[in-house]
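This report concerns helix packing and charged side-chain pairs. Please consult the sequence and structure shown here.

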Amino acid sequence: MFSDQERDAIYKVIRKRRDVRSFLTKCIPEEVIERIIEAGHHAPSVGFMQPWNFIIVRSQKIKEQLAWAADKERRALAIHYEGERQDHFLSLKVEGLKEAPITICVTCDPTRGGTHVLGRNSIPETDMMSVACSIQNMWLASCAEGIALGWVSFYKKNDIREIMKIPPHIDPVALLSLGYTDEYPEAPILETSKWAKREEISKLIYVNHWGLKK
């Protein structure tokens, strides 16, 4: 289906993708934004429910309100850490929400497809899983386009609903800030800052049942 070069390019993008927090003010061409959102729309979804919507935020006022909501939650979450780890957590940037040319809010509509969606009756969370697939597609597409993307995931959903006039039954799953950057990290920020490290894959694989290695 794919040439060796095409296959290698896919794996390169998967490994190269990073969560970015610093952006330049340079505008993103409209056709690039369209391709990234189209990639999100072509994600797999359970029962083909396609529960996502994409709200493109260009208003600086709204970006600042979103940054306020994220910073409020960041400060609230900081109480769960102490000492250097708390200082480290508080140093995580949310300014990217204001710096980036656009932010895309990706939402999940749990009513999409009606009350009986193939595959969702057994596992209701599959609607959110489907949205996560959409976000991953957008992240990989952004990387392939040379666009940095940062996923801000700490905020109160009701704050985001109020700011963006989202109906109460719709979940704002992610705030994705997109833009060009001159600070694209070679490794995940939380890894290079020693917050956490990547697990050895050999420890995560079992055969036939939990805990069995052979």
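The sections below describe a helix pair and then several salt bridges in this predicted model.

## Packing of α3 and α7

Helix α3 (residues 60-77) and helix α7 (residues 157-164) have axes that come within 10 Å and cross at roughly 170°. Angles over 145 degrees count as roughly antiparallel, and α3 and α7 are therefore roughly antiparallel to each other.

On the α3 side, the contact involves Ile-62, Gln-65, Leu-66, Trp-68, Ala-69 and Lys-72, which meet Asp-159, Ile-160, Ile-163 and Met-164 of α7. By class, the residues of this contact comprise seven nonpolar, one polar and two charged.

The whole structure contains 13 salt bridges. One of them joins the side chains of Asp-4 and Arg-7, at 3.6 Å from N to O. Both residues belong to helix α1 (residues 4-16) and are three residues apart, about one turn of the helix. Asp-4 is exposed at 52% relative accessibility, whereas Arg-7 is partly exposed at 40%. A network of salt bridges links Asp-4, Arg-7 and Asp-8.

Asp-19 pairs with Arg-21 in another salt bridge, with the closest N and O atoms 3.0 Å apart. Here Asp-19 is partly exposed, with a relative accessibility of 26%, while Arg-21 is buried at 17%.

Glu-73 and Lys-156 form a salt bridge through their side chains, at 3.8 Å from N to O. Glu-73 lies in helix α3 and Lys-156 in the loop between β3 (148-152) and α7, so this pair ties together parts that are 83 residues apart in sequence. Glu-73 is buried, with 11% relative accessibility, and Lys-156 is partly exposed, with 46%.

Terms used: Residues numbered from 1 in each chain as written. Predicted model: local features only at pLDDT ≥ 70, side-chain atom pairs only at ≥ 80, totals over all residues. Heavy atoms only, no water. Axes fitted to C-alpha atoms, helices over the stretch in contact; angles between N-to-C directions. Helix = DSSP H or I, 4+ residues; strand = E, 2+ residues; numbered from the N terminus. Parallel < 35°, antiparallel > 145°, perpendicular 65-115°, else oblique. Contact = heavy atoms within 4.5 Å. Nonpolar A, V, L, I, M, F, W, Y, C, P; charged D, E, K, R; others polar. Salt bridge = Lys/Arg side-chain N within 4 Å of Asp/Glu carboxyl O. Buried < 20%, exposed > 50% of the residue type's maximum accessible area, 1.4 Å probe, protein only.
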